[in-house]
Amino acid sequence: MLKQLPTPAAPLKIGTRGSPLALAQAYETRARLAEAFDLPHEAFEIVVIKTTGDDAALIAKDKPLKELGGKGLFTKEIEEQLLDGSIDIAVHSMKDMPTLQPRGLLLETYLPREDVRDAFVCLKYKSLADVPKGAVMGSSSLRRRAQLAVKRPDLMLSEFRGNVQTRLKKLEEGVADATFLAMAGLTRLGMIGQVPATPVEVTDMLPAVAQGAIGIERRGDDSRVADMLAAIHHEETGQRLAAERAFLAALDGSCETPLAGLAELDGNTLRLRGEVLRPDGSEAINDDQSAPLEDGPELGREMAAKLLEQAGKGFFDWRA
């Protein structure tokens, strides 16, 4: 039994963004910790922290993520409060997380992964194949935009930011004809069946690295929290993400390159699929390999090296 378990009088503080999805992820974390240690929910305090990425005016600008500040847009303020002790743990959507954490913080606890697929969301059409030529697709994701440009170069692409409710409102207002969301988010929000969404198979649109996964960050020197988080860590998700995030780190840990990656387990064999694209969809390079489970991170690095070699120097000229 752990010493100094949290109590309603001295709760463990869980830091999170205030969006409906972020709160759902924090509530899931709280529920799993409460169940693991037979504690009341009141022994855990949800602390909502506003990040730069939650600024309504910024979201309304519908600009690419890299122009707004990159992935750190959703984590900087939360990690600052974790470092100064204002909160004890931070709950994140893993696809938003940079591959490197600030000095003193560790990200090594993951909850069971949800549906990794993207969802095609549209008020008029059932699937991407039904969308007519010239229709406007709204997305702020470099990956999704590049994948769409490869599959449907006849479509118009528009920057499109905001949570589920904001994006549905934009569709109703005709800002775009369709958009994409993550199936995991819709599931965690209890919105399956309430949103006009159709799952897109990973063979048609490879998802973002770590899509559908929740990560829990802590201070590296907090052994009490480390012991508590060990009780809710999902080993398989961690093994899959180790390969995917090694692939991401070796390619480009920022938000400037359209890339996708998905690791899956079959017994002790890990299968990794990876893809890197030019933003305009003029070229896409992909790979699909398997290796023993313990070699997952090395497979990720090797796949990244192979794709970089295939791409050649001119592939990334847009970065300049």
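K306 is partly exposed in this predicted model, with a relative accessible area of 37%. Its salt-bridge partner is D287, and their closest N and O atoms are 3.4 Å apart. The pair links distant parts of the chain, since K306 belongs to helix α10 (residues 296-311) and D287 to strand β13 (residues 284-292), 19 residues apart. D287 has a relative accessible area of 12%, which is under 20%, so D287 counts as buried.

Let's look at other charged pairs. Side chains of opposite charge can pair when their charged atoms come close. A search of the whole structure finds 18 salt bridges. One of them joins the side chains of R113 and E244, at 2.8 Å from N to O. Because R113 sits in the loop between β4 and β5 (118-122) while E244 sits in helix α9 (residues 235-251), this pair ties together parts that are 131 residues apart in sequence. Both R113 and E244 are buried. R152 and D154 also form a salt bridge, with their closest N and O atoms 2.7 Å apart; here R152 is buried at 15% relative accessible area, whereas D154 is partly exposed at 27%. Elsewhere, E28, R32 and R188 are linked in a network of salt bridges.

Now turn to the strands. Five of them form an open sheet with mixed pairing, in the order β2-β1-β3-β10-β4. β2 (44-48) and β4 (105-110) each have a single partner strand, so one side of each is left without a neighbour in the sheet. From one strand to the next, the twist averages 30°. Within the sheet, β1 (residues 12-16) and β3 (residues 89-93) run parallel and are joined by two bridges, and G15 stands opposite A90 in β3. Helix α4 (residues 76-83) lies across β1, β3, β4 and β10 (214-219), running at about 35° to β10.

Terms used. Residues are numbered from 1 along each chain as its sequence is written. This is a predicted model: local features need pLDDT of at least 70, side-chain atom pairs count only at pLDDT 80 or more; totals for chains, interfaces and linings use all residues. Side-chain values use heavy atoms; hydrogens and water are left out. Two strands pair if DSSP finds at least two bridges between them. Helices (H or I, at least four residues) and strands (E, at least two) are DSSP runs, numbered from the N terminus. Axes are lines fitted to C-alpha atoms, for helices over the stretch in contact, and angles run from 0 to 180 degrees between N-to-C directions. Contact means heavy atoms within 4.5 Å. A salt bridge is a side-chain nitrogen of Lys or Arg within 4 Å of a carboxyl oxygen of Asp or Glu. Buried means under 20% relative accessible area, exposed over 50%, partly exposed in between (1.4 Å probe, protein chains only).
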